[in-house]
Amino acid sequence: MSTSAALPNDAKSTSTLPEQAGVLVVRKHHFLVRWSHWLNVPILLGLILSGISIYWASPIYQHKPDPNTGSFDVAADIGIWICAHVPGQHHYSSPPDWIYNHMSLGPGMLALALRLHWLCAYSLMLNGIVYLAGLIMGGGWRSLLPRRTDLLDALRMFRYYLGFPFAKLARRHWPHPVFNTKYNALQRAAYFSVPIAGLLSVATGWAIHKPMQFHWLAALFGGYNAARVWHFWLMWLYIFFVVPHVILVLADGWDTLRSMIVGWSMRAERSEVVANES
Amino acid sequence: MNHNENCDDSLQPKDKPSTNLEPKQRRAKLPKADSEDANPPLPAATENEKPAAVEAITKQLIADRSPSPSVGPGPQTDEMATVVAKSVSVKTPQSFFGEQPLPALEIAPRVLRYQSRRDFLAFGAGTLAALAGAGFLLPRDTLSRSGVRRNMDSAEKEWFLNKALRIDDDVAEALYSVNRSVPTYTKSQITPLKNNYNGSTPDPGYIPGWKLALDGLVSGLSISLDIRNLLTRFSVHEQITRLVCVEGWSAIAWWAGLRFDDLLRAHPPMSQAKWASVESSVNLDASGNPDPYFMSVDLATARHPQTLLVTHFNGQPLTVEHGAPLRLLVPVKLGLKNVKAITRITYVAEEPRDYWAERGYSRYDGI
């Protein structure tokens, strides 16, 4: 914000500021939070790729072998279906491996996938500690805690997202609900539950990795086999989180994406609870 | 990232504040902020925290602020010399759990640009490092499918991945206790156990002439035991435990046999022995050729009361599919350590060869 202007909205036009004027920024993310956030990208990617390769060795979703294809693995069935129906895939050499060739390190490399999985799993645990340290040191954990008003606010956000495409098509003004908090209720729900999912992934991971020494942990999730199912679906939770997460960050604008790299945001007015629509 | 950025008053001017920042103008801004605070848009009223008013603007001048180690060389520190930044303190909120307004800071654009450049460079370097790491660690087949034709396999890569594997083995070894039992099950919980010979199932012709050879004993002798010998001299223990395969599947089965610990007591290994090499010479590969199977088992695990040398499966003598006439059952380890059709046990001081460790799997395999 230019100091010569009293209007907080001017904070958005900083690129043309004179050299010596002060810019009002807010600290949004502690640097440990930022680093651990980005480190999650390669670590989770490595875990998912190697994890699906491990899944290949003994799929949890199986059926009696198909008389035509011999397939007993639902993931292989999907690959066979894709090769039969998706244009350009008709001549794919090994249809049952399609999923594993596209979503994992590949089939038949269990030993390597396990080694990579352990490497990434220990990295994820260390990274989780760094993230928690950043949340505590920067005080950011307070912005993630659920509130009593969250349910109603989440419904308002749902309404906003549902109506947004129609409003755009109709060229109607469709204001974003206003919150005087760092995150809206839906964001808070997501950013609060993903670290908990991470904790559950680690717990189910240990439960299936050490099912004898940690048999009580496996029992907590319904036994060894159930813990494998948990572990599998927790992976999907990250995928279901990441897709809208990336889309919404890009939609929200450069300031939001940049703030996860540099730590500060130009949207200083929010911290002073002026709560402009953003 | 410069750690200084994260404390409120970190960005202090090196010499003097800019003359552009007139206190009057800053003051002029405050009532405006206050007036908007007093009249927040409707949703803000539902929040339990009060709109925080800008309470004070503190301007701190610290003349001798030395650049942090992450700040680059000469020219950049010159730039830092003209830095103007001041923190804008806000009223601290009510409760410990209540959300606090984000710390606001007034900062010179030049500093902001400098810091952004540094952070983006660090971010870019991190991205490149991650890509290089992926190229380094991913298997060749995966890379070639994504269009990378270069052979990235190297001794360093093996060393690095094996390091992760050894750390995990050390964790597993630390978790093991001879006094901690694995869960046991009832007969109603038994699940089918298929023939999991990795290659072809051996011809049962070896069974009548079968003998167990023991080497590395304290006596210095090499002894040979037949199955009747084992079954009459040792007490038989039964257990219904889970067998867990490295592939992820598992089976609950009913086993009976003698304790490995009892064999160790009856025929003690040499004093410096820490390992047992458990071998099956009748193992075959997928095309039916001899493929001796050998596994390292640490003696601490061999002494676990639930580590059995099994002779019976589901109340019947072992069939050839399950490793007749004697197989190892070590429920605190992965299934691949549970050697079928054992023909020789050798006690050694150094960690012996291990069939699956030589194929990239872990050595200790404790679960």
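In strand E13(B), Ile345(B) is the residue that stands opposite Val278(B). The model is a predicted one. The two strands concerned are E8 (residues 275-280) and E13 (residues 344-348) of chain B, which run antiparallel and are joined by 5 bridges.

Strands E8 and E13 belong to an open sheet of 5 strands in chain B, with the order E5-E4-E13-E8-E9 and mixed pairing. Strand E5 (223-225) and strand E9 (293-298) stand at the edges of this sheet; each has a single partner strand, so one side of each is left without a neighbour in the sheet. From one strand to the next, the twist averages 20 degrees. In a regular strand, side chains alternate between the two faces of the sheet.

| Strand pair (chain B) | Residues | Bridges |
|---|---|---|
| E8 and E13 | 275-280 and 344-348 | 5 bridges |

Chain A has 9 helices and 2 strands. Its elements run β-α-α-α-α-α-α-α-α-α-β from the N terminus on. Chain A has 278 residues, of which 38% count as buried. Among its contacts with a separation of 6 or more, 61% are between residues 24 or more positions apart.

One helix pair of chain A can be described in detail. Helix H6 (residues 185-209) and helix H8 (residues 224-252) of chain A have axes that come within 9 Å and cross at roughly 150 degrees. Angles over 145 degrees count as roughly antiparallel, and therefore H6(A) is roughly antiparallel to H8(A). The crossing of these two helices is left-handed.

On the side of H6(A), the residues making the contact include Ala190(A), Val194(A), Ala197(A), Leu200(A) and Ile208(A). On the side of H8(A), they include Tyr224(A), Arg228(A), Trp230(A), Leu234(A) and Phe241(A). How do the residues of the contact of H6(A) with H8(A) divide into nonpolar, polar and charged, and how many are there of each? There are 12 nonpolar, 4 polar and 1 charged.

Note on methods: Residues numbered from 1 in each chain as written. Chains lettered and ligands numbered in written order. Predicted model: local features only at pLDDT ≥ 70, side-chain atom pairs only at ≥ 80, totals over all residues. Helix = DSSP H or I, 4+ residues; strand = E, 2+ residues; numbered from the N terminus. Buried ≥ 20, exposed ≤ 12 C-beta atoms within 10 Å, placed from the backbone. Contact = placed C-beta atoms within 7 Å. Pairing = 2+ DSSP bridges. Axes fitted to C-alpha atoms, helices over the stretch in contact; angles between N-to-C directions. Parallel < 35°, antiparallel > 145°, perpendicular 65-115°, else oblique. Left-handed = near helix turned anticlockwise from the far one by under 90°. Nonpolar A, V, L, I, M, F, W, Y, C, P; charged D, E, K, R; others polar.
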